[in-house]
Amino acid sequence: MPVLDRWAPTALDRRGIALPVALLALVALTLMVTTVMLTSGSQGAAATAHADATQSLYDAESGLQSYVIAQATQQNAFTVGASTVTVTGTTRQVQVTRALLFSQGAAPAPIFRTWAVTAEGIRRDTVSGRAVTALVRQYTPSSNIGLNIQSAITLGGDLDVNGNAFTVNGQNSCGQGAGYQAVQSAYNSNVTTNGSGGNKFNNFTGVSNGQNTTGKAAIDSTGLTRTQLVNQVLGNKTLASIIALVPISKKWCWTGTCQFRSGSPLANRPLFSGTMAITDSIAVVDGGGGTVSVSGGSGVLIITNGGVSLGGNAVFNGVIIVEGNFSLAGTPTVTGALISLAMTGQNEINVDTQDNSGIAGHVTVQYDQCKVSAAMNAFASQAQPPTTSSTTFAWAELVR
Amino acid sequence: MSSSSPSFRPRGRAGFTLIELMVALVIMGLLTTALWQIVRSQSAFVASETQREDAQDNARAALDVLTGDLRAALPRGVVRAGDAELELALPKAWGVACGGGSATQLTAVFPPLPTDALAPATTASGLVVNTSAGNVPDWTPRPAVGGGRGFVTASAAANLAAAPCSAMGAQGAGLLAYQFTGTNFPVATAGQVVMLYQLVRYDVAQSEGKWWLRRSTGMDNTGTTFTMTPLAGPIPAQDSLRFTYYTGAAAVQQNPAPGTDVAILDSLSRIKVKVVTQSSGQYQGRSNYERDSSAVLLRNRTGSLQCSVGVAGAPC
């Protein structure tokens, strides 16, 4: 019977150097990896935190500027509150908060406002990080047209009268004050008559220094230059600044060549029908260098870059301002006032004999202060003066 | 009877021989030495990198604070501009005057800001007002150190809904009204922009044998001596902080530094700052150095408040 060998080696008895070496190597490797991980991890975290903070600051700055510029170009006033802005070219978002620090004036008077705009980045749906604040000033001009009308016809250019059936009455027809002279003209405006027969000024009546006037005495040939007369009647504003108060929906074209077709922010406006819509108390028509035919309306009608003609039985209640010529024929009636600037271009006096007011047929121009006031009030209610913004200033960085 | 004996072991199952042990020890020694070298070089690398990070962090921290302050600097707010020193009026809050003030009292509305920004704790606090009624601002009084500037000595919360601020029409979350007391205040009318500031000084100085970049935390009661605190460091030498000054839109470099020349200070448009920092510790007797620089456009140097869009010449 075999004797068991108590000392026979087993697998556990097979000692070698491999295991200790491997363990040692493992320990060293672990140390190295840990070191590298700690180093690179802390470095990475520090770098990421710094990059986040820097990005947050610049996001806030660009978000604030984007908001202000967008509002300024759209000529919109700021509103109190907060909104979200996406940083251009990225998907990062910034919360822009507006606070009104100072407000002076109320429509239709000019309005001045000082705003504090604060911007802060949005990270993981939470407003956090570095914020910036800056001040912006906004100005909204008055929506009042502010005309200073002192006659039934304000004449920047010349006046040609053909025929006798031309009634111009500066006496107020609505009972609020006596009124003015029939015509007020620049010192170098020429009033001429054509044709034969009768006194063509017989139907001119007005008021001067409380006394009724008739005939040529009803024409006030002022000592004003055309520029001075225009400044006076437009209340020291330019025609362009008045037109800027009118919303785009009240602007029209007369021909295909039109400043209101020139693209953003002006829409491709349709052609003017010749009559102001019943809902419109303001209309601006770009004459495209031609003559706009008007068949009726009420309120304030402005013809820029062209002349105007009223013919047939046209009835207009209010004020017509024309940059170029007037041509009145047939039996039109204007109750309110006519203003002929006889100008070509913005605020530029053109001593052009073509800028005449040629009148033929039976025409009535009756000064009416009530109609003038109503037209100017309607203008104020429908005007939308653009808001202008200053550049940002008073920047400060906030650390939350 | 068994053929094996308890005292006999086959050769293959015997213990290590001396030679085996020695060979193993030699191999282990070689491996250990190699590993030690690797660990040691790793350790040296880590130490070196740590020092470099230390120096980098120093430079980064210094530049972060400095450039942030410069970006916010008030128009006409640089008081002293040297090669290695800079004093400027740093905004604590921008607001709008409520009006009705005097040379010793002013009430203003402020946008939502940290409340500590409105605490005029020291005589380093002052205020300026844009007293211009037109588009070209006129910030007064100049925040130069001395008797001419508008010192703020105390502040108290005011009622936004009561006079004189109630007529401001102010609206918005977090708006605050404060009444300031002090001296040399310009008479501000309602709507004029007010800046409450703290005078800040940057310079370098030596302490415990090392150079440090310092920033002030306030002034003493005389209003002329700054209380300086280390901001970053150590830096290798006195010239390790360098400011370079540029004027106008064309950024014309001013050499030498403007110092206290008011005409040049008023036209400063940008400031470049260069910082060299060193690690706080050493490895094998050597320090690490890091150089960093940044140029800052003084964006609050607003030449005009004219409206940028809309009707030409419209007042703002």
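Biologist: Let's start with one residue: in which helix of chain B is Ile19(B) placed?
Modeller: This is a predicted model, where local features need pLDDT of at least 70 and side-chain atom pairs count only at pLDDT 80 or more, while totals for chains, interfaces and linings use all residues. Residues are numbered from 1 along each chain as its sequence is written, chains are lettered from A and ligands numbered from 1 in the order in which they are written, and side-chain values use heavy atoms, leaving out hydrogens and water. Helices (H or I, at least four residues) and strands (E, at least two) are DSSP runs numbered from the N terminus. On that basis Ile19(B) sits in helix 1 (residues 18–71).

Biologist: Is Ile19(B) buried or exposed?
Modeller: The classes rest on relative accessible area: buried is under 20%, exposed is over 50%, and partly exposed lies in between, with a 1.4 Å probe and protein chains only. Ile19(B) has 63% relative accessibility, so this residue counts as exposed.

Biologist: Nice. In chain B, what share of the contacts with a separation of 6 or more comes from residues 24 or more positions apart?
Modeller: For orientation, chain B has 2 helices and 14 strands, and 43% of its 316 residues count as buried. A contact means heavy atoms within 4.5 Å. Among contacts in chain B with a separation of 6 or more, the share from residues 24 or more positions apart is 68%.

Biologist: And what is that share in chain A?
Modeller: Chain A has 4 helices and 22 strands, and 46% of its 400 residues count as buried. For chain A, residues 24 or more positions apart supply, of the contacts with a separation of 6 or more, 60%.

Biologist: Which residues join Glu85(B) and Arg201(B) in one salt-bridge network?
Modeller: Glu85(B) pairs with Arg201(B) at 2.6 Å between the closest N and O atoms, and Glu87(B) pairs with Arg80(B) at 3.1 Å. Arg201(B) is buried at 14% relative accessibility, while Glu85(B) is partly exposed at 25%. Through shared partners, the network joins Glu85(B) and Arg201(B) with Arg80(B), Glu87(B), Asp203(B) and Arg214(B).

Biologist: How much space lies in the largest cavity?
Modeller: A cavity is a set of points, on a 1 Å grid over the protein atoms alone, where a 1.4 Å probe fits but cannot get out; lining residues have an atom within 4 Å of a point. Points are joined across faces, edges and corners, and volume is the space filled by probe spheres set on them. The structure holds 4 cavities of 30 Å³ or more. The largest one is lined by residues including Arg76(B), Val78(B), Leu265(B) and Asp266(B), and its space is about 80 Å³.

Biologist: Which residues does Arg142(B) touch, beyond those up to four places away in sequence?
Modeller: Arg142(B) lies in the loop between strand 5 (139–140) and strand 6 (151–158) of chain B. At 17% relative accessibility, Arg142(B) counts as buried. Its contacts, with that sequence limit, are Arg76(B), Val78(B), Arg149(B), Val262(B), Leu265(B) and Asp266(B).

Biologist: Last one: what is omega for the cis peptide bond between Gly233(B) and Pro234(B)?
Modeller: Pro234(B) belongs to strand 10 (residues 226–235) of chain B. The cis bond joining Gly233(B) to Pro234(B) has an omega of about 5°.

How values were computed
Salt bridge = Lys/Arg side-chain N within 4 Å of Asp/Glu carboxyl O. 1 Å grid on protein atoms, 1.4 Å probe; cavity = no way out; pocket = protein on both sides within 12 Å on 5 of 7 lines; lining within 4 Å.
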